[in-house]
Amino acid sequence: MEGIDGSGKTTQLALLAKWLSAAGHPVFQTEWNSSALVKAATKTGKKKNALTPMTFSLLHATDFADRLLYNIIPPLKAGMIVLADRYTYTAFARDVARGVDRRWVRELYSFAVKPDLAVYFRVPIDVSVDRLMARRVKLKFYEAGMDMGWSSNALESFRIFQGKVLDEYDRLVDEFGLSVVNAVGSITDQQRVFRRLVSQHLEISHNDERIDESA
Amino acid sequence: MTSGSMNLPDADGGTDGGGKPGHYYSYGIPYLSIGNYPGKLIAIEGTDGVGRSTQITLLREWLEVQGYGVIETGWTRSELMSPTIDLAKSSNTLNKLTFVLLYATDFADRLEKEIIPALKAGFIVLSDRYIFTALARAGVRGVDRTWIRNLYGFGIAPHLVFYLRIDEKTLIRRVLQSRGMDYWESGMDMKLGDDIYESFRAYQRQLLKEYGSMADEFGFRVLDARRKVDVIQDELRRQIAAFLAESETLSPGPAALRVE
């Protein structure tokens, strides 16, 4: 699941997980930047605003590597469906928006497992801002790209930074064949599209199981 | 041993993976251009027990007496990452990939906050170990060679790399004498065997092999580190002095103070 803040992807992911679990699929969820390993460094770095685009990028890659080996590969081996709230594309979009080399960051993540399905919840910047404001979300320093010094106003900075992130995502759609969901529509409509996309991949695995049983 | 003929720009056919001294190895950091900074980056590489820090202390003194500004940097000493690396090491939760990435993060932090500003300001940066330490450790652990070289493509190729080389037997004795074997430096994470000494020995042997294979690739100036401290120091000074003299005639650099 990919998309900028306020794209509604976390809501969509929770609904999808409910549906999959209800249908009897074992589901495992993992979230971007959540490993215990780099938590201390990320926290210190963020608190002191001490992260550069490069260290920001590398810390997230470290977090990803840790989760890949402990939270992504083992559940995949166990035949579970891994739902990742953000994946490598987040790094490709955000790090490049911060000025990190586009090829370098792709090669950095070349150890990642290619997902069976990558869904991008595309939303215009205005809609994302409206949603975040409605929830009275306080824009965080790095999420708003304040480290780049483009604007001292958090909202303005967020617009500039996430605008660049959206441009990078658009590039990724073609490059990596991301499935795009129009994230402006109603929650239910989006979820319907989302489930349809996912079910195409589930059918294949059902067939596999049937073959296994008859063998 | 090696004379000061390495890393000459555009030596025909002599292109190696070593990069152009003072420039990024490959992709670099696009938002930080570093062209023609006046400072010089000198790396002292080698395994444990070769006396790197002793040599660096002596070099610093010698350079400062001549009027050069000197800054030292080490491996895994960044404010940002030191606690995390210590924690990860002590809890053994590191695997080879996160190990490599934590060190790369640490290096990036020091590169941007210490090394690049120092080079810009015209300092001589003496680096106690450099990316080659990471490449050697990763190489021993079977990390993909191309991947790790791309990863460190944001690094700056030093103007000089001195590799203080010792043989396996000397290395093992020196490490045992100084701080003994520890889990990581014994390569115990690699499960080479239950016997910690055998594992340690196999690890150090492979490490030496990795360093050896990088000597050509990155144009190391190899020094025999089994010799006396002052003999090695004299050799280092001779080569550094020649390099500084040469670069000062070519372009304005961190010139020594001259009383006119």
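Is Arg86(A) buried or exposed, and how many other C-beta atoms lie within 10 Å? Arg86(A) is buried, because 22 other C-beta atoms lie within 10 Å; a residue is called buried if 20 or more other C-beta atoms lie within 10 Å of its own, exposed if 12 or fewer, and partly exposed in between, with C-beta atoms placed from the backbone. The model is predicted, and local features were taken only at pLDDT of at least 70 and side-chain atom pairs only at pLDDT 80 or more, whereas totals for chains, interfaces and linings use all residues. Residues are numbered from 1 along each chain as its sequence is written, while chains are lettered from A and ligands numbered from 1 in the order in which they are written.

Arg86(A) is placed in the loop between β2 (81-85) and α4 (88-97) of chain A, where helices (H or I, at least four residues) and strands (E, at least two) are DSSP runs numbered from the N terminus. The phi angle of Arg86(A) is near 80°, a positive value in a residue other than glycine. Asn33(A), in the loop between β1 (27-31) and α2 (39-47) of chain A, likewise has a positive phi, near 55°, and is a residue other than glycine. Asn33(A) is partly exposed, because 15 other C-beta atoms lie within 10 Å.

The mean pLDDT of chain A is 91, and 94% of its residues reach 70 or more. Over residues 209-215 of chain A, however, the pLDDT is below 50, and this stretch has zero contacts in the model beyond near neighbours in sequence; two residues are taken to be in contact if their C-beta atoms, placed from the backbone, lie within 7 Å.

Within chain A, helix α6 (residues 125-134) and helix α7 (residues 154-176) have axes that come within 10 Å and cross at roughly 130°. Axes are lines fitted to C-alpha atoms, for helices over the stretch in contact, and angles run from 0 to 180 degrees between N-to-C directions. The helices α6(A) and α7(A) are therefore oblique to each other, given that angles under 35 degrees count as roughly parallel, over 145 as roughly antiparallel, 65 to 115 as roughly perpendicular and the rest as oblique. On the α6(A) side the contact involves Ile125(A), Ser128(A) and Val129(A), which meet Phe158(A), Arg159(A), Gln162(A), Gly163(A) and Leu166(A) of α7(A). By class, these residues comprise four nonpolar, three polar and one charged, where Ala, Val, Leu, Ile, Met, Phe, Trp, Tyr, Cys and Pro count as nonpolar, Asp, Glu, Lys and Arg as charged, and the others, Gly among them, as polar.

Chain B contains eight helices and five strands, and from the N terminus on its elements follow the order β-α-β-α-α-β-α-α-β-α-α-β-α. Of its 260 residues, 41% count as buried. Among contacts in chain B with a separation of 6 or more, 81% are between residues 24 or more positions apart.

Two helix pairs of chain B were examined. Helix α1 (residues 52-65) and helix α8 (residues 229-250) of chain B pack at an angle of about 50°, with their axes 10 Å apart, which makes α1(B) oblique to α8(B). Their crossing is right-handed, and residues of α1(B) including Leu58(B) and Trp62(B) meet residues of α8(B) including Ile232(B) and Leu236(B). By contrast in topic, α3(B) and helix α4 (residues 131-140) of chain B pack at about 175°, with axes 11 Å apart, and α3(B) is therefore roughly antiparallel to α4(B). Val100(B), Tyr103(B), Ala104(B) and Phe107(B) of α3(B) make this contact with Ile131(B), Ala134(B) and Ala138(B) of α4(B), and by class it has seven nonpolar, no polar and no charged residues.

Between the chains, 27 residues of chain B are in contact with 26 residues of chain A. The largest share of the chain B side, nine residues, comes from α3(B), and by class that side has 17 nonpolar, eight polar and two charged residues.

Methods:
pLDDT = per-residue confidence, 0-100. Left-handed = near helix turned anticlockwise from the far one by under 90°.
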